[in-house]
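Subject: Structure handover

Hello,

Here is the structure we talked about. Please look through it first; my notes follow below.

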Amino acid sequence: MREETQAMAEEVSAFHGNHGNGEFHHHHSHSATSQHASSHHLLQVESLSVAFQMYEESVGLRGFFQAHQRSVPVIRDLSISVHVGEVVAVVGASGSGKTLLADALFGLFQPNAQVSGTIWFDGEEQTGASLAALRGNRIALIPQSIAALDPLMKVGRQVQGFAKGSEGRKALQKRQEELFARYGLSPEVADLYPHELSGGMARRVLLCCALVGRPQLIVADEPTPGLDTPLAVQALSDLRAFADDDGGVMLITHDLDLALQVADRVAVFREGTVVEETSVAAFADPALLRHPFSRALWRGMPEHGFEGDWEEDAGHA
């Protein structure tokens with residue numbers, strides 16, 4: 001296993017510079033902007049599988065202590081990557097395991113989880129402990145719900161509290177003020193509680209929480225629910241700007257139409273794995289998409305008449 005890991009690392013380091021659309025390796029094609037800064041991906045996930053040890057449900061209460069355990073797979077042999085300077089949209093139906101992928105990237109595993117595969121970040125192989133150490137620092141999360149904000153703490157303190165490192169209080173306050181100015185939040189917002197914010201303001205506060213630690217990678221898990229279209233577009237534009245400033249973004253969403261407006265590449269997620277990872281340009285024509293489920297997503301978009309049949313097309317995979 002160690003030899004295979006080393007071989008994969010050497011293969012990753014063999015690719016330099018930019019890639020044209022359609023160039024394919026490591027399970028994905030590339031957009032025109034894809035690049036391997038320092039000769040590697042910013043994030044590289046290879047053959048990730050996550051299963052949970054569960055008791056059989058049918059034994060009843062009396063037989064609980066004699067119940068057999070079974071392994072329930074949720075993520076299966078998943079591979080995905082994020083380059084410096086790009087937004088990768090992970091698109092799939094709700095309940096398909098996308099949020100569990102986000103948890104895995106932060107080293108968040110339940111005690112009954114069985115995890116296999118390899119994750120590299122910035123060219124270094126990671127463990128669950130090292131991923132946890134990166135959390136809130138070099139890798140930041142934008143959670144699904146604004147309920148992630150502490151209702152009993154003022155917004156400014158919350159943003160500053162998300163930073164890890166040796167910066168002092170004055171430096172953190174200055175950083176928070178810079179972020180508020182960048183994303184159109186007035187200085188007075190720092191003294192408000194979350195319930196005093198509009199939905200759009202709360203979303204921007206969550207973005208500031210993610211950015212305050214100066215991360216290299218942002219994982220945005222359904223960052224636009226509850227927002228009307230203009231606010232959703234603005235939230236994704238903020239992520240686009242972060243990527244353009246030499247960051248990387250993994251955008252987890254079920255809204256393909258919205259994702260195509262800001263992403264460079266799309267990872268099509270189905271039943272716990274990525275069935276295709278391709279450039280946004282490939283969605284201009286279903287003939288450019290390799291997997292039947294990807295083509296079904298294309299046909300299911302509003303401008304294509306909602307004609308996709310996910311189940312039928314998946315059966316032809």
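A salt bridge here is a side-chain nitrogen of Lys or Arg within 4 Å of a carboxyl oxygen of Asp or Glu. Glu-271 and Arg-270 meet this cut-off, because their closest N and O atoms are 3.7 Å apart. Glu-271 is exposed, with a relative accessible area of 52%, whereas Arg-270 is buried at 13%. Please keep in mind that this is a predicted model.

The structure holds six salt bridges. One of them joins Arg-265 and Glu-86, with 2.6 Å between the closest N and O atoms. This pair links distant parts of the chain, 179 residues apart: Arg-265 is in strand E13, and Glu-86 is in the loop between strands E6 and E7. Arg-265 is buried, with a relative accessible area of 0%, and Glu-86 is buried with a value of 0%.

Another salt bridge is formed by Asp-122 and Arg-138, at 2.8 Å from N to O. Asp-122 lies in the loop between strands E8 and E9, and Arg-138 in the loop between helix H3 and strand E10. Asp-122 is partly exposed at 26% relative accessible area, and Arg-138 is partly exposed at 26%.

As for the whole chain, there are 10 helices and 14 strands. Of its 317 residues, 48% count as buried. The chain exposes about 15,300 Å², and carbon and sulfur atoms supply 52% of that area.

Last, Asp-228 sits in the loop between strand E11 and helix H7 and is partly exposed, with a relative accessible area of 44%.

Regards

Notes: Residues numbered from 1 in each chain as written. Predicted model: local features only at pLDDT ≥ 70, side-chain atom pairs only at ≥ 80, totals over all residues. Heavy atoms only, no water. Helix = DSSP H or I, 4+ residues; strand = E, 2+ residues; numbered from the N terminus. Buried < 20%, exposed > 50% of the residue type's maximum accessible area, 1.4 Å probe, protein only. Areas by Shrake-Rupley, 256 points an atom, 1.4 Å probe, with all protein chains shown as cover.
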